[in-house]
Amino acid sequence: MNDASKAADRLWGPARLKQLEKQNKLIQDEVKLLKQKKKEAQANLIKDRSDLSKAAAAAGVSFNIDEKGNITNYTEKMDALYAELESRENEADGFAKAGKSKEEQDEYIEKYLTPLQDKINELKEAMSQYEETRELLEDIDD
């Protein structure tokens with residue numbers, strides 16, 4: 001498109017009009033592609049939002065999403081998850097002080113700590129994908 005624009009700037013008369021028509025067609029093609037890309041991104045956003053809701057439910061939280069797609073209680077819910085994770089980590093660390101065996105500690109970690117960490121990581125990945133798609137849509141609109 002830049003080449004077409006430069007060529008149009010150097011021309012005059014009928015040749016300039018022909019070059020401007022060529023440039024106009026390129027712009028129209030770009031608009032069509034952007035519309036297609038936006039439609040695909042909107043479909044992906046629906047999927048990403050569903051994936052985010054599933055990951056949040058698996059982690060035991062529910063996000064409030066406003067009409068613009070912003071999550072209004074993200075910090076509150078994630079702080080609660082991290083507090084729970086810290087509590088479980090502290091409990092696992094306290095096994096030795098409580099005179100429990102390494103096997104009991106490992107069992108606790110495998111049963112409670114690791115699944116929570118995995119759920120938090122899945123939630124963060126889903127959130128990242130959701131935000132990436134939202135930003136793409138904003139860029140297309142701009």
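Predicted model: local features only at pLDDT ≥ 70, side-chain atom pairs only at ≥ 80, totals over all residues.
Let me begin with Leu-123. Setting aside neighbours within four places in sequence, Leu-123 is in contact with Leu-52, Ala-55, Ala-56, Ala-59, Val-61, Phe-63, Met-78 and Leu-81, where contact means heavy atoms within 4.5 Å. Residues are numbered from 1 along each chain as its sequence is written, and side-chain values use heavy atoms, with hydrogens and water left out.

Buried means under 20% relative accessible area, exposed means over 50%, and partly exposed lies in between, with a 1.4 Å probe and protein chains only.

I turn to the helix pairs. The axes of H3 and H4 come within 10 Å and cross at roughly 160 degrees. The axes are lines fitted to C-alpha atoms, for helices over the stretch in contact, and angles run from 0 to 180 degrees between N-to-C directions. H3 and H4 are therefore roughly antiparallel to each other; angles over 145 degrees count as roughly antiparallel, under 35 as roughly parallel, 65 to 115 as roughly perpendicular, and the rest as oblique. Their crossing is left-handed, a term for a near helix turned anticlockwise from the far one by less than a right angle, with clockwise being right-handed. Among the residues making this contact are Tyr-74, Met-78 and Leu-81 of H3, and Tyr-108, Leu-116 and Leu-123 of H4. The residues of the contact divide into 14 nonpolar, 2 polar and 6 charged. In this division Ala, Val, Leu, Ile, Met, Phe, Trp, Tyr, Cys and Pro count as nonpolar, Asp, Glu, Lys and Arg as charged, and the others, Gly among them, as polar.

For H2 and H4, the axes come within 8 Å and cross at roughly 160 degrees. That makes H2 roughly antiparallel to H4, and H2 passes H4 in a left-handed crossing. The residues of this contact divide into 14 nonpolar, 4 polar and 9 charged.

Finally, some individual positions. Not counting residues up to four places away in sequence, Arg-134 touches Leu-45, Lys-68, Gly-69 and Asn-70. Thr-114 lies in helix H4 as well, and counts as partly exposed because its relative accessibility is 30%. From Thr-114 to Lys-54 the C-alpha distance is 19 Å, at 60 residues apart in sequence.

In helix H2 we find Asp-29, partly exposed at 29% relative accessibility. Asp-29 and Asp-66 are 37 residues apart in sequence and 34 Å apart in space, C-alpha to C-alpha. Leu-20 lies in helix H2 and is partly exposed at 33%; the C-alpha atoms of Leu-20 and Asp-66 are separated by 44 Å.

Definitions and conventions
Helix = DSSP H or I, 4+ residues; strand = E, 2+ residues; numbered from the N terminus.
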